[in-house]
Amino acid sequence: MRPTVSTVMDKLYASLLDDGSDATPAFACLGRACKVLAVASYLASYNPPSTDLHYFGVTSRSTRKRARRSNPTQSDRPAGPAAFSLDRLYAIATAIAIPPLSLSFALDAAVGDLLAAGLIQSDHPKGTSAAPSKFRTCLTESEAVAMADLTGCPLSNFLFTV
């Protein structure tokens, strides 16, 4: 049985009131797809898009003609959470998830759950009827590390550092 948004929000609120000594993370009740997408949203917000192929791409030596190396600098790393597209979020999530996530309606529902729980936010203006095209993470680094530990995705292997 999947938790409802109200259950997740109640646990989030309870964790804010708690001193955190023996409390389990409030996001422990989220489904696996939500957790993987939340970790992917953190990576998409804090890794420059130019590093995606390096961290998440699969290359075949037989088809690759010439590898181009880019040397990212400190200016490539966003100062705060940068906006990312839904396609980029799905690509990163499918690359880090073991076993792989299936690209289906469940991922769209998981994005809706993350929006409702306040773990990601949309970057489109209020009052527009179009679907949001860009998102930002609301996770802190410690929350992302804890969520990555729950999913088995080692965050340090995928996070861009200079």
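Select arginine 88, which is found in helix 4 (residues 86–96); helices (H or I, at least four residues) and strands (E, at least two) are DSSP runs, numbered from the N terminus. The model is predicted, and local features need pLDDT of at least 70, side-chain atom pairs count only at pLDDT 80 or more, while totals for chains, interfaces and linings use all residues. Residues are numbered from 1 along each chain as its sequence is written, and side-chain values use heavy atoms, with hydrogens and water left out.

Now show its surroundings: leaving aside residues up to four places away in sequence, arginine 88 touches Leu43, Ala44, Asn47, Pro48, Pro49 and Asp52, a contact being heavy atoms within 4.5 Å. At asparagine 47, look at the backbone oxygen, which lies 3.0 Å from a polar atom of the arginine 88 side chain.

Three strands form an open sheet in the order 1-3-2, with antiparallel pairing, and its edge strands are strand 1 and strand 2, each of which pairs on one side only. Two strands pair if DSSP finds at least two bridges between them. Strand 1 (residues 84–85) is joined to strand 3 by two bridges, and here serine 85 has lysine 134 as its bridge partner. Strand 2 (residues 120–122) pairs with strand 3 over three bridges; in this pairing, isoleucine 120 stands opposite threonine 137 and glutamine 121 stands opposite arginine 136.

Stay on strand 3 (residues 134–137) and turn the view from one face to the other: Phe135 and Thr137 make up the covered face, whereas Lys134 and Arg136 make up the uncovered one. In a regular strand the side chains alternate between the two faces of the sheet.

**Aromatic rings**

Now move to the aromatic side chains, among which the structure holds four aromatic pairs. In the pair of tyrosine 42 and tyrosine 46, the ring centres are 4.7 Å apart and the planes stand at 40°, so the pair is tilted; rings of Phe, Tyr and Trp (its six-membered ring) pair if their centres lie within 6.5 Å, and planes under 30 degrees apart count as stacked, over 60 as edge-to-face and the rest as tilted. Both tyrosine 42 and tyrosine 46 lie in helix 2 (residues 32–46), four residues apart, which is about one turn of the helix. Tyrosine 42 counts as buried at 3% relative accessibility, and tyrosine 46 also counts as buried, at 15%. Then select Tyr55, Phe56 and Phe158, which ring pairs link into a cluster.

Finally, zoom out to the protein chain, which has seven helices and three strands and follows the pattern α-α-α-β-α-α-β-β-α-α along the sequence. Of its 162 residues, 33% count as buried, and among contacts between residues at least 6 apart in sequence, 74% join residues at least 24 apart.

Technical notes. Polar contact = N/O pair within 3.5 Å; in protein donor to acceptor, adjacent residues only side chain to side chain. Buried < 20%, exposed > 50% of the residue type's maximum accessible area, 1.4 Å probe, protein only.
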